[in-house]
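Here are my notes on this model, point by point. Please read them with the structure open.

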Amino acid sequence: MTAKLAQHPLMLAAMFVVAATGAMGLAAIPASTPTLAYEVTPQLVADDVVADDGIDQVLFKEAVTTTNVDRQLECMAKVVLHEAANQSRSGQLAVAQLIMNRVGQDRFGETVCEVVNQPGQFFRTAAYNPRRDTDRWATAVEVSRQAMAGNGDQVVPGAVFYHSAHQSPNRFFRTRERLTMVGDHVFYR
């Protein structure tokens, strides 16, 4: 590619000017203060860091530690990732809170893993092994921790069932109380 650039007429002219004048390079000095192509402020959350070196502003996301993931948290994070990774944070939290709404009810199970691995409900989490080094996994773990700790308001209070919005409700869902739709999921009591 370098040989092709050197054969370009403008590049040849620039090389002759540099050789004749001894100049090592030319730089334009801006007459006004440069403006940012985008503003990073609306993208900031509490854990973010903005590095400003006077020329550029760069947004760094702090890595969420996912090393201390117990079995229950892992079961829930796998479901949140698999079922709602393409949803907003509130959509992911709604799915995680739905799981917590089921925990302790006789018909669902006593633990998160019992609830999510119940036949006919979600899926067998032991067979699902997502990559653990992605932002989506870190978000699923963070959302799952929040739901398990009971932090924050319920997105869909009392929801214990849901289905995809593009799927028409079957007879089971038509006998349930529809609560609301969050993202691509319809929630029921």
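Predicted model: local features only at pLDDT ≥ 70, side-chain atom pairs only at ≥ 80, totals over all residues.

1. Overall figures next. The chain has 189 residues, and 29% of them are buried. Its accessible surface is about 12600 Å². Carbon and sulfur atoms hold 55% of that surface. Take the contacts between residues at least 6 apart in sequence: 57% of them join residues at least 24 apart.

2. Which residues have the most contacts inside the largest nonpolar core? They are Met 76, Val 79, Ile 99, Val 116, Phe 122 and Phe 187. The core has 37 residues. Two or more residues each come from helices H3 (71-84), H4 (89-102), H5 (112-116) and H6 (135-149), and from strands S3 (161-164) and S5 (185-188). H3 gives the most, eight residues. In soluble globular proteins, nonpolar side chains tend to be buried together.

3. Leaving aside residues up to four places away in sequence, Phe 187 touches Ala 94, Val 95 and Leu 98, among others. Its contacts also include Val 156, Ala 159, Phe 161 and Tyr 162. Glu 177, Arg 178, Leu 179, Thr 180 and Val 182 are touched as well.

4. Now the second largest pocket. Its space is about 230 Å³. The lining has 14 residues, and those closest to the centre are Arg 102, Gly 120, Gln 121, Tyr 162 and Phe 173. S3 and helix H7 (171-174) each supply at least two lining residues. The largest share, four residues, comes from S3. By type, the lining divides into five nonpolar, seven polar and two charged residues.

5. Last, Arg 89, which lies in helix H4. Is Arg 89 buried, exposed or partly exposed? Its relative accessible area is 37%. Buried means under 20% and exposed means over 50%, so Arg 89 counts as partly exposed. Arg 89 touches Thr 139, Glu 142, Val 143 and Gln 146, again not counting residues up to four places away in sequence. Arg 89 and Val 143 are 54 residues apart along the chain, yet 7.6 Å separates their C-alpha atoms.

How values were computed
Residues numbered from 1 in each chain as written. Heavy atoms only, no water. Core = buried A, V, L, I, M, F, W, Y, C linked by side-chain atoms within 4.5 Å. Buried < 20%, exposed > 50% of the residue type's maximum accessible area, 1.4 Å probe, protein only. Contact = heavy atoms within 4.5 Å. 1 Å grid on protein atoms, 1.4 Å probe; cavity = no way out; pocket = protein on both sides within 12 Å on 5 of 7 lines; lining within 4 Å. Points joined across faces, edges and corners; volume = space filled by probe spheres on them. Nonpolar A, V, L, I, M, F, W, Y, C, P; charged D, E, K, R; others polar. Areas by Shrake-Rupley, 256 points an atom, 1.4 Å probe, with all protein chains shown as cover.
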